[in-house]
Amino acid sequence: MKALTGVLLLATASSARAGEIAASVADTAGKPVAEAVVFVYEIPGGAFPPPAEPAVMDQINKEFVPRVLPILAGTKVRFPNKDNTHHHIYSFSKAKKFEVPLFKDEPADPVEMEKPGVIKLGCNIHDWMLGYILVLDNPYFARTGADGKAALAGIPEGEYELAVWSERLKGPVEATRQKVKVGAGAAKAAFKPSLGPARKAKRAAVGDY
């Protein structure tokens, strides 16, 4: 599975040369961590308009797909339903509270995610469904693949702090910060955060509902 890279376009053209960061995330035993999000922690004074096209958090086989969706603040998110059943998704998270009933072949209006933060998603009908939208205040981010690797591209040359988020993360995101210098060649960053066990609710028998 390849890492999925965030939208990496600046609001205006910049004369600064762009660089890349090759990042990896592993647990303390060295095992790759999938679906973690590596991101530039802060861009002072940066103002980044959200993409015109909505991001997508799908419902497939009674699961959120992807389980973790990183987006830029202000991005709208569509919630299509490819299942032959009704879903009723919700979030009680501080960053965004909402409810959306989803019917087969009846698309719902996109939901705008205005504030940075973690939005935890559930389904009122299927208790095991769990998903996350990580809303960030700059567009320099990427989600790790099954190999624990992520590639951030299009970053102006300079020195930055990177951080990593995972649903399994123990402690604050701030504690994961590390400095990286972006230049002509690809910079590298390796994270080994303290993680808890994977959070997986027990699924009902297939066909029950």
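**Exercise 1. The open sheet**

Work out the strand order and the pairing of the three-strand open sheet in this predicted model.

*Solution.* 
Step 1. Take the order: the three strands run 4-8-11.
Step 2. Take the sense: the pairing in this open sheet is mixed.
Step 3. Find the edges. Strand 4 and strand 11 (111–112) each pair on one side only, and they are the edge strands.

**Exercise 2. Strand 4 and its partner**

In which sense do strand 4 and strand 8 pair, and over how many bridges? Which residue is the bridge partner of Val56?

*Solution.* 
Step 1. Strand 8 covers residues 76–78.
Step 2. Its pairing with strand 4 is parallel and rests on two bridges.
Step 3. Val56 has Arg78, in strand 8, as its bridge partner.

**Exercise 3. Pro44**

Place Pro44 in the chain. Then decide: is Pro44 buried or exposed?

*Solution.* 
Step 1. Pro44 sits in a loop, with strand 3 (37–40) and strand 4 (55–56) on either side.
Step 2. The cut-off for exposed is over 50% relative accessible area.
Step 3. Pro44 has 70% relative accessibility, so Pro44 counts as exposed.
Step 4. Pro44 and Asn138 lie 94 residues apart in sequence, with 10.0 Å between their C-alpha atoms.

**Exercise 4. The whole protein**

*Solution.* 
Step 1. Count elements: 18 strands and zero helices.
Step 2. Sort the contacts with a separation of 6 or more: 66% join residues 24 or more positions apart.

Key:
Residues numbered from 1 in each chain as written. Predicted model: local features only at pLDDT ≥ 70, side-chain atom pairs only at ≥ 80, totals over all residues. Heavy atoms only, no water. Helix = DSSP H or I, 4+ residues; strand = E, 2+ residues; numbered from the N terminus. Contact = heavy atoms within 4.5 Å. Buried < 20%, exposed > 50% of the residue type's maximum accessible area, 1.4 Å probe, protein only. Pairing = 2+ DSSP bridges.
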